[in-house]
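The points are numbered and can be read alongside the model.

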Amino acid sequence: MAFEKNVFVNCPFDAEYLPLLRPLLFTVIYLRLTPRIALEAIDSGELRLNKIVELIRDSKYSIHDLSRSEAAVAGELYRLNMPFELGVDFGCRTFGKPKQRDKRALVLEAKPHRYKASISDLAGADIECHEDEPYKVIGVVRNWLKNVCLAQAAGPARISSAFTDFMADNFDALTQLGFSPQDIELLPVGELIERMTAWVASKAAAA
Amino acid sequence: MRKVSKHVVPNPSGGWSVKNSGATRASKVFDTQQQAITYGRDAAKKTRSELYVHGRDGTIKNKNSYGNDPMPPRDNK
């Protein structure tokens, strides 16, 4: 039943996006779902697009962040990976197997209605704004997951507080292992997911 | 049993909060991060606990221990 628990995360893979990615991943894990992200396993022998298609096929839920699609400076090309993967996900839902017709997707943006200028076909989809605020991501993702797949879910304030506690505990644990503050900030995403999952499980076991 | 630590964190409604580890609600809310740090430092000293200063994204920008030093100085006299 992994399909029912998997949440495909389609977002930029750079240090500038980590402030939003960490709370996003933590919220998914805290709510006992499984984030699936192309960075979770680095296998140079596997074609990146094949990996992404496999993740999309295996995930009932998807979160697509289009907030970094625009060029940052004049002359820079805008980034098409996120809208492209959103299209693959939509295609899977439309043309896939019967269970894939139940797929649900959340599209994240930084500013309300900005997407209409570049991808107006999305009108009517689940689109929410995080305003580039890391703690706002928690509420937006939590509320959408509660709406589409959870009978009960902890409130945003509780998840935010747990995220704060995780970040402190993780900082201490990694410092003891010889990580510098910069190492901790740039912890590989796969390792971050492992540590978040273990922390949430340990807190649940202790409760 | 682990001591409750103090955390300076961004407040969702604006400003900065000081909260205890494990608590959902903030102990106190301030306009500026510096005001929150000053309050949090005094509170951590009183309870001989740790103060974590978080950035806007939750990362740890600074940590100080008040009475919970894992490697205290040895008295060699």
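What share of the contacts in chain B with a separation of 6 or more comes from residues 24 or more positions apart?

1. Such residues account for 28% of those contacts in chain B, a contact being heavy atoms within 4.5 Å.

2. On the basis of the values: this is a predicted model, in which local features need pLDDT of at least 70, side-chain atom pairs count only at pLDDT 80 or more, and totals for chains, interfaces and linings use all residues. Residues are numbered from 1 along each chain as its sequence is written, chains are lettered from A and ligands numbered from 1 in the order in which they are written, and side-chain values use heavy atoms, with hydrogens and water left out.

3. Chain B has one helix and five strands, in the order β-β-β-α-β-β along the sequence. Helices (H or I, at least four residues) and strands (E, at least two) are DSSP runs numbered from the N terminus. Of its 77 residues, 39% are buried. Buried means under 20% relative accessible area, exposed over 50%, and partly exposed in between, with a 1.4 Å probe and protein chains only.

4. The contact between the chains draws on 17 residues of chain A and 18 of chain B. About 1400 Å² is buried between them, 57% of it from carbon and sulfur atoms; buried area is the accessible area (1.4 Å probe) that two parts lose on being put together, summed over both. On the chain B side, B:T24, B:D57 and B:I60 lose the most area to chain A, together 34% of what that side buries.

5. Seven residue pairs are in polar contact between chain B and chain A, both residues at pLDDT 80 or more. A polar contact is a pair of N or O atoms within 3.5 Å; within protein, one must be able to donate a hydrogen and the other to accept it, and residues adjacent in sequence count only if both atoms are side-chain atoms. In chain B, β1 (6-10), β4 (50-54) and β5 (60-65) each supply at least two residues of the side that touches chain A.

6. The rule asks for a side-chain nitrogen of Lys or Arg within 4 Å of a carboxyl oxygen of Asp or Glu.

7. One salt bridge links A:D165 and B:K19, at 3.1 Å from N to O. A:D165 lies in helix α7 (residues 156-176) of chain A and B:K19 in strand β2 (residues 16-20) of chain B, so the pair joins two chains. A:D165 is buried at 10% relative accessible area, and B:K19 is buried at 4%.

8. Another salt bridge runs between B:K63 and A:D172, with the closest N and O atoms 2.9 Å apart. This pair crosses from strand β5 of chain B to helix α7 of chain A. B:K63 is partly exposed at 26%, whereas A:D172 is buried at 15%. Salt bridges with shared partners join A:D172, B:E50 and B:K63 into one network.

9. Within chain A, strand β4 (residues 104-109) pairs with β5 in the parallel sense over four bridges; pairing requires that DSSP finds at least two bridges. A:E109 stands opposite A:C129 of β5.
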